[in-house]
Amino acid sequence: MVNIDDFVKRLEIILDYYALNASSFADKIGVQRSSMSHLLSGRNKPSLDFVMKIMEVFPDVDLYWILNGKGSFPKNDETIHSKTEEIIEIEKSSAPIPSNQNIISSNLFSDISQTKNESTEIRNFSDPKNSNFGTDENEIEKIVFFYKNGTFKVYNP
């Protein structure tokens, strides 16, 4: 549980560090000035949304520091590197990869080089009796064309 008095003290440290008053701080993080006033007076407790807005606008604020006083403010490089290493270790341990699976480290959104020549093939279906396309049950509802640039067009016959 977050101690509101300690949270307010840490919030005041942030205000002093950035040389902001309560109203300009509220404007900067996008909350109402009255909610900032209620928080500083101890009337209200900070919401998760409030804390996340602080983290977005002020990246030097450590989440654990603002919530429970552990860590440091402003963040130092050592704290950032240790947290990055923790995240990497968690990712390694939580996502095992089978040994027979090949790992491809390429950009999924990069252009794919095509080895085959694209060709357009036109077929004429002269005998609709041998095809299921002519029946009412299998009537075409729509045709979708996908383009290489990520766009598409839908045709409804």
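**Exercise 1. Determine at what angle helix α2 and helix α3 pack, and which residues make the contact.**

Solution. In this predicted model, local features need pLDDT of at least 70 and side-chain atom pairs count only at pLDDT 80 or more, while totals for chains, interfaces and linings use all residues. Residues are numbered from 1 along each chain as its sequence is written, and side-chain values use heavy atoms, with hydrogens and water left out.

Step 1. The axes of α2 (residues 22-29) and α3 (residues 33-41) lie 8 Å apart, and the helices pack at an angle of about 125°. This angle makes α2 oblique to α3, since angles under 35 degrees count as roughly parallel, over 145 as roughly antiparallel, 65 to 115 as roughly perpendicular and the rest as oblique.

Step 2. Contact, meaning heavy atoms within 4.5 Å, involves Ala22, Ser23, Phe25, Ala26 and Asp27 on α2, together with Arg33, Met36 and Leu40 on α3.

**Exercise 2. Locate Gly30 and state how accessible Gly30 is.**

Solution. Gly30 sits in the loop between α2 and α3. Its relative accessible area is 49%, so Gly30 is partly exposed, the class between buried (under 20%) and exposed (over 50%), with a 1.4 Å probe and protein chains only.

**Exercise 3. Classify the ring pair of Phe146 and Phe152.**

Solution. Rings of Phe, Tyr and Trp (its six-membered ring) pair if their centres lie within 6.5 Å, and planes under 30 degrees apart count as stacked, over 60 as edge-to-face and the rest as tilted. The whole structure holds eight aromatic pairs. For Phe146 and Phe152 the ring centres are 6.2 Å apart and the planes stand at 40°, so the pair is tilted; both residues are exposed.

Conventions
Axes are lines fitted to C-alpha atoms, for helices over the stretch in contact, and angles run from 0 to 180 degrees between N-to-C directions. Helices (H or I, at least four residues) and strands (E, at least two) are DSSP runs, numbered from the N terminus.
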